[in-house]
Amino acid sequence: MLSQIGKSASKKAMRVDLEIYYEAMENLYHPEDNPEGTFPMNIAENHLCWDQLRERIQQVTRDNDIPEWVASYTDPAGAPSFREATAGFLGKFLFHCPVDPKTIAFSGGATSVIEMTSFLIAEPGETAVIPAPSYPVYTGDIGTLPGVKRYDLQLPGDFSKSEYDFDLELLDRTKIEIEQARSTFRMLILTSPDNPTGRIYRESDLRKIAEWCMDNEVHLIVNEIYGLSQLDITHPDLKSEYEQPTQFVSFGKIMEEFKSPFLHFWYSFSKDFGVSGFRIGLLHSHNMDLIQAYRNAGLGHSISNYTQWVMQEVLNDHTFLSSYFNDFQKLLTEAYLAFTRGLKKLEIQYNPSRGSLFVWMDLSEFLEKSEDGEEKLWLEIYQQSGILLTPTHGFGHSQKGWYRAVITSIHPSEMKVALGRLGKFVQKRRNT
Ligand SMILES: Cc1ncc(COP(=O)(O)O)c(C=O)c1O
């Protein structure tokens, strides 16, 4: 009764941890009402500054009449006034250079942006290369409808660095390998800061990679969905972990100089703003054919005008945004420090992060050497401590036993309890 895609989608869950996540959400920890409850730290949610943003949004809806355009159809790529507000926000807070609103197109969350971009620039069967470990859901976003294959690029090196060392020869070799397998290296997807490691790409490397991609006619897309979830690495308790750190430079700034049809940028309001439920994602590109294709094909993916209006009012208030991002960085850095201090006490290694909502940590000493060892350990941690981490399968890395914890999805006051539970699990396993 279903198409081939329908049949396969009916059998494949979007992610393997969803059922357990819903179960954990029904049994959340509460100090008085449910002290044995759970800590879901598997889904990339940011709850740190929602109170502040909610208040500003409520002010918008309380103090303003809804404009006429909100009830009607608008440009499927985004209402002009929303594109303008977003260009102003990106230019000031992330790119640090002016952005032309015409180079922006919206759709429902980064998920839809990834899917739309993939089917507009790649043919089914072509390949997207993604340095590993990386966001598991890329596989479905580029694969389910666009039919693009994921190639997990295994970068050499350990997880002790907060910046990528990128060797262009690896791209040359990968291109040959993909062509020998009768596919085409069509897209290179980088995420910076990265999910799950929190690493960033250096400006100098981004420039080199961009040049390689333009020379080889490969589309380079940098996903900066965590672009403003940056840690304050000048914090006195953090400084010593970073030797000669380079400054984070947005790919948007580099694109402005090259203005190439092969360079693109993804963003979403789900992480830095913590409004994953609003479903706002965007493509920024100087390839105007791609933006036009996005518009012409995108009506079914467009965002509600009401959401666009509310967010445009918030984005136009740069005083509020400055204060919001200031507070967010402080809270994010505190959450990171609290979690990593706990890991240090337990002598658990982690990848020093520059940003994102995660800590990527090494639990391989507890891993059973079997096919399903990683899944078993993930379940045991949940069953014995109530902490639900992200299952490590799907990140695409060959090094086993590393797990991702989302540090922004639980209340900062609960972090101590969660770490205490992790500590008990670790001690018990080390004593047996
Ligand atoms: C790297 C990356 N891209 C895209 C997404 C999906 O974002 P959205 O909720 O805007 O669809 C996520 C969510 O975790 C992500 O980590």
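Colleague: Which residues make up domain 1 and domain 2 in the domain assignment of the chain?

Modeller: The model is a predicted one. Its domain assignment builds domain 1 from two stretches, 4-51 and 321-430. Domain 2 is given as 66-317.

Colleague: What area is buried between domain 1 and domain 2?

Modeller: The centres of the two domains, taken over C-alpha atoms, are 24 Å apart. Contact involves 37 residues of domain 1 and 53 residues of domain 2. Carbon and sulfur atoms give 58% of the area buried between the domains, and that area is about 3900 Å².

Colleague: Which residues of domain 1 lose the most area to domain 2?

Modeller: Three residues stand out on that side, and together they account for 22% of what it buries. They are Leu 321, Phe 325 and Arg 354.

Colleague: How many salt bridges are there between domain 1 and domain 2?

Modeller: Polar contact links 24 residue pairs between the domains, both residues being at pLDDT 80 or more. Arg 341 and Asp 237 form a salt bridge, with their closest N and O atoms 2.8 Å apart. Between domain 1 and domain 2 the count of salt bridges is three.

Colleague: Which element supplies the largest share of the side of domain 1 that touches domain 2?

Modeller: At least two residues of that side come from each of helix H12 (318-345), strand E9 (358-362) and strand E11 (402-406). The residues of the side divide into 17 nonpolar, 14 polar and six charged. The largest share, 12 residues, comes from H12.

Colleague: Is Leu 315 buried or exposed?

Modeller: Leu 315 lies in helix H11, residues 305-315. Beyond residues up to four places away in sequence, Leu 315 touches Phe 82, Ala 85, Thr 86, Phe 89, Phe 269, Phe 273 and Leu 321. The C-alpha atoms of Leu 315 and Ala 85 are separated by 5.8 Å, although the two residues are 230 residues apart along the chain. Because the relative accessible area of Leu 315 is 0% and the cut-off is under 20%, Leu 315 is buried.

Colleague: Why does Ser 276 count as buried?

Modeller: Ser 276 is found in the loop between strand E7 (263-268) and strand E8 (281-285). Apart from its neighbours within four places in sequence, Ser 276 is in contact with Glu 45 and Ser 270. A residue counts as buried under 20% relative accessible area. Ser 276 therefore qualifies, its relative accessible area being 19%.

Technical notes:
Residues numbered from 1 in each chain as written. Predicted model: local features only at pLDDT ≥ 70, side-chain atom pairs only at ≥ 80, totals over all residues. Heavy atoms only, no water. Domains from an automatic or database assignment. Contact = heavy atoms within 4.5 Å. Buried area = accessible area lost by both parts, 1.4 Å probe. Salt bridge = Lys/Arg side-chain N within 4 Å of Asp/Glu carboxyl O. Polar contact = N/O pair within 3.5 Å; in protein donor to acceptor, adjacent residues only side chain to side chain. Helix = DSSP H or I, 4+ residues; strand = E, 2+ residues; numbered from the N terminus. Nonpolar A, V, L, I, M, F, W, Y, C, P; charged D, E, K, R; others polar. Buried < 20%, exposed > 50% of the residue type's maximum accessible area, 1.4 Å probe, protein only.
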